[in-house]
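Here is a quick tour of one model, told through its surface, its helices and its side-chain contacts. Have a look at the structure first, then read on.

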Amino acid sequence: RGEKAANTKHYEAALKDFEIVKKLLPDWDGIYILMAQCYKKMGKKAFAKDQLKQAQELNPEHSKAYILMGEIHLEEQEIDEAILQYTKAHFIDKTNPEVLLSLSELYVRKKSFIRAREFRDEARKLGANTQRVDELLRN
């Protein structure tokens, strides 16, 4: 029920259902990620970060927790922290082109164009559409 509520943007209802699941399965990292997604969409980034930290502690190999944390830091214009989170996600899942594209865009923002090109090229090798990053690098 919680995921259905979240998918229909009923985040408060979803969180209530997720709290029940969390009490039953407190060691399941996925529930913390689901809750973080709701909090993030509600604009409650501090709550989302807390949930993601718990997910990372329970399962340091779940790249989604690092990706979401990176997204939040990016929204908060914390570029270095976003890079750190996406880098952790990349070490866990080297085949995710979206992580590579995000890292490339972040390095463009830092004006570290060599690193940006390296991540772009890696994403391209995995079949990613790099048009957006290519445009950023041209400008």
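## A greasy patch and the helix behind it

Ile20, Leu24, Leu25 and Trp28 make a nonpolar surface patch of about 430 Å². For patches, the residues need over 30% relative accessible area and no salt bridge; like charges are joined within 9 Å, and nonpolar side chains (Val, Leu, Ile, Met, Phe, Trp, Tyr) within 5 Å. Accessible areas come from the Shrake-Rupley method with a 1.4 Å probe, and for residues only the protein chains shown count as cover.

Before going further, note that this is a predicted model: local features need pLDDT of at least 70 and side-chain atom pairs count only at pLDDT 80 or more, while totals for chains, interfaces and linings use all residues. Residues are numbered from 1 along each chain as its sequence is written, and side-chain values use heavy atoms, with hydrogens and water left out.

Helices here are DSSP runs (H or I, at least four residues), as are strands (E, at least two), and both are numbered from the N terminus. With a relative accessibility of 65%, leucine 24 counts as exposed. The labels work like this: buried is under 20% relative accessible area, exposed is over 50%, and partly exposed is in between (1.4 Å probe, protein chains only).

How does the span of helix α2 compare with what its residues should give? Its 14 residues (11-24) should span 20 Å at 1.5 Å a residue, and the end C-alpha atoms are 20 Å apart, which agrees. The expected span is 1.5 Å times one less than the number of residues.

Tyr11, Ala14, Leu15, Asp17, Phe18 and Lys22 are buried in α2. They cover an arc of only 165° around the axis, so they sit on the same side of the helix; the arc is that of the directions from the helix axis to the C-beta atoms. Lys16, Ile20, Lys23 and Leu24 are exposed on the other side of α2.

## The chain as a whole

Zooming out, the protein chain has nine helices and zero strands. Its C-alpha trace spans about 50 × 25 × 25 Å along the principal axes. Of the 139 residues, 43% count as buried.

## Salt bridges

Side chains of opposite charge can pair when their charged atoms come close. The rule used here asks for a side-chain nitrogen of Lys or Arg within 4 Å of a carboxyl oxygen of Asp or Glu, and by this rule the count comes to 13 salt bridges. The table picks out some of them.

| Salt bridge | N to O distance |
|---|---|
| lysine 49 – glutamate 76 | 2.7 Å |
| lysine 49 – glutamate 78 | 3.9 Å |
| glutamate 105 – arginine 132 | 3.1 Å |

Take lysine 49 and glutamate 76, which meet in a salt bridge. This pair links distant parts of the chain, 27 residues apart: lysine 49 is in helix α4 (residues 45-58), and glutamate 76 is in the loop between α5 (63-75) and α6 (79-92). Lysine 49 counts as buried at 15% relative accessibility, whereas glutamate 76 is partly exposed at 29%.

Lysine 49 also forms a salt bridge with glutamate 78. That pair links distant parts of the chain too, joining helix α4 to the loop between α5 and α6, with the partners 29 residues apart. Glutamate 78 is partly exposed, with a relative accessible area of 32%.

Further along, glutamate 105 and arginine 132 form a salt bridge. Glutamate 105 is in helix α7 (residues 97-109) and arginine 132 is in helix α9 (residues 131-138), so to speak distant parts of the chain, 27 residues apart. Arginine 132 counts as exposed at 56% relative accessibility, while glutamate 105 is partly exposed at 22%. Elsewhere, salt bridges that share partners join Lys40, Lys45, Glu71 and Glu75 into one network.

## Aromatic pairs

How many aromatic pairs does a search of the whole structure find? The search finds two. Rings of Phe, Tyr and Trp (its six-membered ring) pair if their centres lie within 6.5 Å; planes under 30 degrees apart count as stacked, over 60 as edge-to-face and the rest as tilted.

The rings of tyrosine 39 and phenylalanine 47 have centres 5.3 Å apart and planes at 25°, so this pair is stacked. Tyrosine 39 is buried, with a relative accessible area of 13%, but phenylalanine 47 is partly exposed at 47%.

Tyrosine 107 and phenylalanine 119 are stacked as well, because their ring centres are 5.7 Å apart and their planes are at 10°. This pair links distant parts of the chain, with tyrosine 107 in helix α7 and phenylalanine 119 in helix α8 (residues 113-125), twelve residues apart. Tyrosine 107 counts as buried at 14% relative accessibility, and phenylalanine 119 counts as buried at 7%.
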